[in-house]
Each structure stands twice: as structure tokens, then as C-alpha cells.
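Please find below a short note on the structure under review.

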Amino acid sequence: MPLRPNRPLPLATPAGVEVLTRILTQGPIPRVEIARRTRLSQAAVTKAVAPLIEAGFVTDQPVAVPADEAAEGRAELGIGRPVSPLTVVADSISVIGLKVTPTDLIGVTTDFRAGIRAVRHQPLTDTSAEAVLARLADLATELIGTLDDPTDPAGPLIGIGVAVSGDVDARHGVVRDSPFMGWRDVPVASLLAEKLQMPVVVSNDVRALTVAEHWFGVGVDADSFAVVTIGSGVGCGLYINGEVVSGAHGVSGELGHLPLAPGDLVCTCGRRGCVETVASSDAILARVRETTGRPELDLSGAIELAHSGDEHAREAFDRAGEVIGSALAAMVNLVGPELVVIAGEGVADYDLYDQRMRQAFGEHAFGAAGDCRLMLRSHTFDDWARGAAATVIRSYVRGEPPFHR
Ligand SMILES: [Zn+2]
């Protein structure tokens with residue numbers, strides 16, 4: 001099946017990008033409100049929007065006006081223009097997001113607003129970069145097939161996002177070091193783009209989740225926030241001063257590798273004393289197995305044991321909660337976000353370390369930094385893949401590589 005052609009955005013100026021970003025992330029939104037928030041003139045907003053409407057990316061959302069108000073003409077504003085907020089045409093484009101884990105590949109297709117349309121999961125047996133790239137290409141091809149449903153037509157596919165844990169050079173699309181996958185210097189974007197003849201954006205998975213929260217989640221209304229993920233790793237994405245923090249060298253927010261744990265355990269990264277050595281799900285499981293003398297336990301067994309009140313199992317989760325709380329306090333003391341979103345697969349069993357985590361956080365958060373809200377969001381693996389799609393949408397709107405204008 002031939003790939004659909006890319007669909008370029010008619011955006012020529014930074015103002016156009018700003019206006020489309022507002023409509024995409026804050027819409028439906030009236031022109032006058034865009035002008036107020038961007039400090040552009042209403043004429044400039046109208047000028048920026050016109051080509052987007054013409055090309056079918058943006059539309060005036062019809063507003064139902066009560067009959068009596070319409071009769072009296074009260075639905076008209078003083079400027080003589082009906083209140084018709086602008087919204088993006090969700091199905092004007094499609095995007096694919098892929099999340100790589102050592103055991104599974106998760107793929108989604110989304111619309112322009114990062115709304116998930118189709119989901120596919122594939123178990124992974126071989127984690128070598130070569131094998132995974134071949135499977136990613138298969139999964140993407142399968143997802144491309146779902147876009148052709150005549151009963152539910154999707155927009156043209158504009159690009160593919162891939163989210164991988166570890167040190168990822170997003171600018172060049174290279175996974176520099178992913179301890180979970182055992183990858184070093186894998187040029188995922190160029191290899192996959194060649195296979196699929198599509199623009200590919202590769203990101204650190206937690207940063208991709210942060211981009212999704214920034215544009216399509218809790219971050220829309222927050223000036224600064226952090227996304228902390230708890231599960232097979234402990235990660236952190238930061239949104240500060242209007243931007244998702246990438247780090248000058250591509251690394252930032254590595255909460256899981258802060259040296260806050262006892263120094264005798266070796267981390268997946270090879271260092272000692274990292275938060276993940278006691279707080280990752282593998283670390284918790286290892287601790288429960290060791291202290292209960294039950295090497296056959298799996299994670300759900302360990303969770304069950306802790307819920308049943310087993311002292312040893314509880315201790316492993318308490319220890320994790322304490323270190324996560326200290327790490328949260330360290331991050332909040334440094335950055336001072338107004339909101340911390342705690343997400344990831346470990347959140348389902350949050351009750352097991354909630355108390356100790358909050359206690360340690362309270363003990364170590366300095367002054368008003370501790371006033372930041374801690375919000376729980378139960379993310380699924382589909383949300384990680386959606387994050388990868390969000391990174392594509394952001395690069396597409398901004399005209400950042402691989403989307404040149
Ligand atoms: Zn580490």
C-alpha cells in the first residue's frame with residue numbers, strides 16, 4: 001500500500017504557529033481570546049487563521065444559540081461578529097505513536113488533538129535494536145492499515161513518533177543509551193524513516209509524556225509542572241518557563257538516578273545508590289523476594305502480599321516510598337513547580353507507598369516549595385505511545401525537524 005503524502009501546514013510566521021498552538025491546545029477559543037492571550041491584534045489573528053481555515057486544518061465551531069436570544073439578536077457581540085470559537089479539525093491529519101519497552105511494543109494512531117483512534121500491542125522477545133526496529137516497522141505498517149477504514153476515514157498520516165526510555169538525542173533521533181533496552185547509539189529515526197518513508201521523531205519516553213501533558217493534558221493551564229513516573233523506572237519530565245526541559249546535552253529530570261538510596265545496590269545504569277535501586281518495580285520485587293525468602297514471587301504476588309499486611313513486603317514498598325518522597329522533594333526544592341503529576345504503571349498500587357512518600361516529601365520539601373500539588377494520574381501504556389504521537393504533532397506545528405517548512 002502506498003504511503004499517504006505528507007500534508008504541509010500553511011504557516012509562514014511565528015505568529016501563525018502561536019495562533020495554531022492556542023487553537024490546538026486551548027480551543028475551542030474565540031479569535032478575540034486568542035488575541036488577548038497572544039497579545040496579537042485581532043487583525044493579525046484573523047490573518048493567521050485564514051489560510052488554516054482555507055486548507056481545512058481549523059474551523060469555526062458552530063455555536064448553538066437559544067431561539068429567543070437569536071430573535072433578540074443578543075448572540076451578536078458588540079463588534080457585530082457572532083461568537084464562533086475556533087477549533088482544529090481533528091481528522092485533518094493522523095499520527096502514529098510507538099512506545100518501546102523490553103517486553104512489548106505499544107502503538108496508537110491519533111488525530112490532530114492526540115485523541116487515540118486505534119491501539120495495537122505486540123509482545124517482544126528479542127530486544128536487539130535490529131529486531132526491535134523491524135518489529136516497529138511492522139507495527140507501524142499495521143497501524144497505517146487502520147487509517148484506511150472507509151466507515152471512519154482518518155486524515156493523512158504526517159509522521160511517526162517513537163518513545164524510548166534512557167538518554168535520547170531527540171534532535172538527531174538517536175538513542176544514545178537505553179539501559180532497559182541494552183541499546184547504545186542507535187539511530188532509530190533515520191533507520192525507521194528509511195524503512196517507512198515517513199518523518200520519524202524519537203524522544204525519551206518521559207519527556208514525550210510531558211509534551212502530551214503540556215499540550216493536551218493538565219499542563220495546558222499550569223505555568224510549571226513536573227511529570228514523575230513510577231514503575232519499571234522512576235522518571236521525571238519538567239515543564240518550566242513555557243518549555244519542556246530537554247537539557248543542554250539531552251538529559252534532564254533523571255529523578256531515578258539521583259543518588260538518594262543506600263549505596264550498596266547497583267543500578268541498571270551501572271552506578272550505585274540511585275533512587276531506582278530501591279524504588280523501581282524490579283527493585284521492590286527483589287527486596288520482597290529476599291526478605292520473605294520466596295524467590296518464586298512475581299510483582300503481582302509481591303503486591304498482593306503487601307496488601308495482605310505482610311511485614312516484609314510492606315517494608316519494601318515503604319522503603320521505595322521514602323526514597324521517591326525524598327527525590328520528589330529534591331526536585332521540587334530545585335525547580336519549584338506548581339504541580340507534580342505522578343503517573344506510570346506503579347500508580348495502580350500507589351496506596352502501598354503513598355503515606356511514606358508524602359511523609360518523606362513533607363520532611364524534605366523546603367518552605368513554600370512543599371505547597372505544590374501532588375496529582376495522581378493513572379497512565380496506561382497507551383498513554384506513553386500517545387506521548388510519542390504528541391511529540392510528532394508538536395514538531396509538525398512548530399516546523400521543527402524532521403518537519404521543515
Ligand atoms: Zn542509576
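The numbered points that follow refer to a predicted model.

1. Burial of strand β6. This strand spans residues 157–164. The strand is mostly covered, with 8 of its 8 residues counted as buried.

2. Pairing with β3. Strand β3, residues 94–100, runs parallel to β6, and 6 bridges join the two. Within this pairing, Leu 98 stands opposite Val 162 of β6.

3. Pairing with β10. Strand β6 is also joined to strand β10 (residues 200–204), here by 5 bridges and again in parallel orientation.

4. Donors of the zinc ion. The ion is coordinated by ND1 of His 257 and by the SG atoms of Cys 267, Cys 269 and Cys 274, at 2.0 to 2.3 Å. Along the chain, these donors follow the spacing H-x9-C-x1-C-x4-C.

5. Geometry of the zinc site. The angles among the 4 donor atoms are 104 to 116°. The site is classed as tetrahedral because all angles lie between 85 and 135 degrees.

6. Are Cys 267 and Cys 269 buried or partly exposed? Cys 267 has a relative accessible area of 7% and is therefore buried, the limit being under 20%. Cys 269, at 21% relative accessibility, counts as partly exposed.

Definitions and conventions
Residues numbered from 1 in each chain as written. Predicted model: local features only at pLDDT ≥ 70, side-chain atom pairs only at ≥ 80, totals over all residues. Heavy atoms only, no water. Buried < 20%, exposed > 50% of the residue type's maximum accessible area, 1.4 Å probe, protein only. Helix = DSSP H or I, 4+ residues; strand = E, 2+ residues; numbered from the N terminus. Pairing = 2+ DSSP bridges. Donors = N, O, S within 2.8 Å, 3.2 Å for Na, K, Ca; no water. Tetrahedral: all angles 85-135°; square planar, octahedral: opposite > 155°, others 65-115°.
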